[in-house]
Amino acid sequence: EKLGIFGDRRGRRGAELKCMSAVETKKPGHFTRDIRKHTSESKGFASDTFPMDESELSYALGKDGTTRRKLARASGCIMEYVGQVAFICGTLEERTRARTYLKWLLKQRHGSVYVDDVRDRDDVTIVPVPQHCVGYVTGNRGASLRQVEEMSGTFCFVEGGRGEAEQLLIFGHNKHDREVAERLVNDLVNEKLRDEDRRDYDDRDRRDDYYDRYPRDHDRRDDYDRRRDDDYDRRRYDD
């Protein structure tokens with residue numbers, strides 16, 4: 001049977017790939033058996049393919065497909081996984097961004113990622129984060145940073161290794177989305193700093209309370225001297 005898909009080219013391609021993904025799940029290899037890695041040189045709308053192994057696919061998909069969706073939204077590209085093949089569809093600029101983001105994502109499985117041309121890119125916002133705040137910004141197993149990505153439609157990671165403040169890189173083709181992510185990250189940093197200030201203040205209060213409850217050494221010595229003088233006066237009076 002044949003399925004008719006109507007609409008603009010981008011919308012039709014997106015729907016087609018979703019249908020292909022569903023069929024591939026039921027019948028593995030139906031669409032991807034002979035597909036190899038391919039990068040189109042067309043500047044207009046076209047499709048690239050990027051095969052992955054099982055571990056790469058699992059990492060690039062994310063829970064309920066959240067990682068795939070964030071890469072697609074951040075790059076401005078259609079990205080669907082048909083079997084173990086990533087189909088990347090869009091203009092040359094969009095496809096280049098999506099392939100780059102996907103490669104960076106897969107590299108994160110083995111360690112830190114460094115972006116050599118970060119200062120020359122027009123799709124990134126750099127946010128310096130104090131080293132002692134990085135863990136709070138990323139959250140347990142990256143949960144806080146994943147929430148920032150979900151709320152802003154960006155792709156973020158900490159580059160690290162550049163002085164006292166580590167670099168949080170926020171990627172996305174839309175400047176407004178990057179600005180939203182930057183505000184969310186700065187809110188997390190400020191929240192961490194305020195929490196540390198409160199703890200310092202509480203520690204000072206506890207120390208002050210301690211010294212208020214327990215006399216200092218010289219106060220204890222003064223009390224001892226006064227008691228000794230009182231005892232001497234009483235003995236002299238008794239005599």
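Analyst: Happy to. T154 sits in the loop that runs between α6 (143–152) and β5. Bear in mind that this is a predicted model.

User: What makes the pairing of T154 with S152 a polar contact?

Analyst: The two side chains come to 2.7 Å in that contact. The cut-off for a pair of N or O atoms is within 3.5 Å, and the T154–S152 distance of 2.7 Å meets it.

User: Which residues are in contact with T154, leaving aside its neighbours within four places in sequence?

Analyst: Among them are K70, A74, V148, E149, I170 and F171. Contact here means heavy atoms within 4.5 Å.

User: How many aromatic pairs does a search of the whole structure find?

Analyst: The search finds eight. One of the pairs is Y101 with W104, whose ring centres are 6.1 Å apart and whose planes meet at 25 degrees. Rings pair if their centres lie within 6.5 Å, and planes under 30 degrees apart count as stacked, so Y101 and W104 form a stacked pair.

User: Where do Y101 and W104 lie, and what separates them?

Analyst: Both belong to helix α4 (residues 92–107). They are three residues apart there, which means a separation of about one helical turn. Y101 and W104 are both buried, too.

User: Why is the pair of F155 and F171 called tilted?

Analyst: Their planes stand at 35 degrees, with the ring centres 6.5 Å apart. Stacked needs under 30 degrees and edge-to-face over 60, and the rest are tilted, so this pair is tilted.

User: What does the pair of F155 and F171 tie together?

Analyst: F155 is in strand β5 (residues 155–158) and F171 is in strand β6 (residues 165–171), so the pair ties together parts 16 residues apart in sequence. F155 has 0% relative accessibility and counts as buried; F171, at 0% as well, is also buried.

User: Which residues do ring pairs link into a cluster?

Analyst: The cluster holds Y101, W104, F155, F157 and F171.

User: How do you know whether S112 is buried or exposed?

Analyst: S112, in the loop between α4 and β4 (124–130), has a relative accessible area of 52%. Exposed means over 50%, so S112 is exposed.

Note on methods. Residues are numbered from 1 along each chain as its sequence is written. This is a predicted model: local features need pLDDT of at least 70, side-chain atom pairs count only at pLDDT 80 or more; totals for chains, interfaces and linings use all residues. Side-chain values use heavy atoms; hydrogens and water are left out. Rings of Phe, Tyr and Trp (its six-membered ring) pair if their centres lie within 6.5 Å; planes under 30 degrees apart count as stacked, over 60 as edge-to-face and the rest as tilted. Helices (H or I, at least four residues) and strands (E, at least two) are DSSP runs, numbered from the N terminus. Buried means under 20% relative accessible area, exposed over 50%, partly exposed in between (1.4 Å probe, protein chains only). A polar contact is a pair of N or O atoms within 3.5 Å; within protein, one must be able to donate a hydrogen and the other to accept it, and residues adjacent in sequence count only if both atoms are side-chain atoms.
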